[in-house]
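Please read this briefing alongside the sequence and the structure shown below.

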Amino acid sequence: MAVKKIYRPPMDFWERIFIFEAFRGLGITFKHLVLTWFKPGHKLTYEYPEEKRPVAARFRGRHGIRRRPDGSPVCVACFSCQTACPPQCIRIVAEESPDPAIEKRPRSFEINLVRCIFCGMCVEACPCDAIYMTHEYELANETREQLKLTLEDLLDPLEQER
Amino acid sequence: MPAWLQTVLTSNVTWAVAALAVAYLLTLGGIPIYTWWERRGAGLIQRRPGPNRRGPYGLIQPIADAVKLAVKEDVVPEGAHGLFHALAPMLVMTVALTTFAVIPWSGNVSLFGKSFRLQVADLNFGLIYILAISSIGVYGVALAGWASNNKYSLLGGLRSAAQMISYEVAMGLAVACMFLVFQTVKLDQMIDAQVGPLWHWGVFKAPLAFLIFVAAAYAETNRVPFDLPEAESEIVAGYHTEYSSLRFGLFYMGEYVHMAITAAVTVIVFFGGWRLPWVTTVGRYGSLLPWFLFLISIVSVIVAWDTMRPARRAVTKGNILFALILAATALVSIGLGLFLLVSHVPPWAVSLSAVVSQLLVFLVKFIVLFWMFIWIRWTMPRMRYDQLMRLGWKVLLPIGLANLALTSVAVLLGWI
């Protein structure tokens, strides 16, 4: 086992008598006190419910499903996400799409957030870029049933609702 | 003025009760404020807000804490000595409270031919009484450590006993130096000795004794950097590991009361007590009161404005109430101050306003000294046990002895 020597600079006389260094330390803490009280950006914490911590652009929160310009979901019920999902929390029921250009659409699209591990594999797997991860992370709920998100929960809000 | 009011004002009982009221306000009444203050100060120093949810500025928080402490289960560990386990926190708290009896909150004022002072007990060995009584507090701590049947408690109690005894020596030397400087042991006479210009204050007459006294006082109150008896990283919580509910609360409150008494004694011995520099006569203190009242109203208005400023959270009813109380305080102080300024004030009212303004001066100094406790706590790291003992016996004791010798020479030669 190699010995690692840490260089500690020797204290000079003024540091060794301690009292002046103590007052310097008091000055440092007082500076932080004044700055925390008066300068908005100095505080290191967030007062959570009112003040939300900014999340990274790639943050993986609750899922969302994009809409086409006409308001219908982009999803074509290809089951890629359901296949890719490691904890198998996605359940899709497909049906025929009325649009002749599109083959299928989801009749129901259910994500069980109790099982979801927020890995983002479904987003990777989606060929249509329909599913994505929102930045919403306040997902607490009272029952397991409420944590099963349906297509309506997942779809982006319509333009007029925004 | 009616005769009954004169009887009341010139009764010794009234003055004793008033002094008691001040003492209780600063100890039991002050503890919620002190704990809130400590936590807010800690928060701001550590770049976080501290408790700011319950009530304006989080001022209701300590009441919630007190309720929590009171309704918790009072656990007595198996094998603990029941009597001593119960006695220890009482001893700590009682001793800390008792010391407040001799603090003079104001100077002598004459009222209808009699002389009065806001002081509960005018003992002729004032400061020695405080030293003697507060040393009994170590029994409480040591007893708590021993009676808990817990090795961490025992270690904490032993450390506390060793530490308090070691630092009592240094403290005694610093206080003896001040006895020499002031030629008295009575607290009110010490304050009288500091009359006149600023450099007559004890801290300028004997700065070294001040530093020794403060270091020893911090060790006596078990505060950082000398809080080894309750070092949480080493011995859990030291002597109060096995205490819960209000018994723990007594220890906790006893610590704050002890801090308050230390701050009060420091104000009296080193910072001129209720005296302002250069202000000598009672009449001058009386005429200063309107200006103090105007200062109070300005501060209240600023705080009230800050309370009503919608920051991140909406302004609640509590905030509005708090701001209204502050606004009322400001109005009353301005009105009273203007009244005192413009009207012809009879001599008894001058005496009473002198008492109030002296009390206010004392309180401001007290607040500064108390803040030093909090400030130092969140600045300094805790000392190691050997460092503590080295500081006590090999640094403070020799310096204190040398200081005592030098001071006595200086006093003999008439330099101080």
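This is a predicted model: local features need pLDDT of at least 70, side-chain atom pairs count only at pLDDT 80 or more; totals for chains, interfaces and linings use all residues.

Residues are numbered from 1 along each chain as its sequence is written, and chains are lettered from A and ligands numbered from 1 in the order in which they are written.

**Helix pairs**

- Helices here are DSSP runs of H or I with at least four residues, strands are E runs of at least two, and both are numbered from the N terminus.
- The axes of H5 (residues 82-98) and H12, both of chain B, come within 8 Å and cross at roughly 25°; axes are lines fitted to C-alpha atoms over the stretch in contact, with angles from 0 to 180 degrees between N-to-C directions.
- H5(B) and H12(B) are therefore roughly parallel (an angle under 35 degrees; over 145 is roughly antiparallel).
- On the H5(B) side the contact includes B:Pro89 and B:Met93, and on the H12(B) side it includes B:Phe251 and B:Val257; two residues are in contact if their C-beta atoms, placed from the backbone, lie within 7 Å.
- The residues of this contact divide into 11 nonpolar, two polar and one charged, where Ala, Val, Leu, Ile, Met, Phe, Trp, Tyr, Cys and Pro count as nonpolar, Asp, Glu, Lys and Arg as charged, and the others, Gly among them, as polar.
- The axes of H13 (residues 282-308) and H14 (residues 317-342) of chain B come within 8 Å and cross at roughly 160°, which makes H13(B) roughly antiparallel to H14(B).
- The crossing of H13(B) and H14(B) is also left-handed.

**A loop residue**

- B:Gln119 is found in the loop between strand E2 (114-116) and helix H6 (126-147) of chain B.
- B:Gln119 is buried, with 24 other C-beta atoms within 10 Å; 20 or more count as buried, 12 or fewer as exposed, and values in between as partly exposed.

**Chains A and B**

- The contact takes 17 residues from chain A and 13 residues from chain B.

Terms used:
Angles under 35 degrees count as roughly parallel, over 145 as roughly antiparallel, 65 to 115 as roughly perpendicular and the rest as oblique. A crossing is left-handed if the near helix is turned anticlockwise from the far one by less than a right angle, and right-handed if clockwise.
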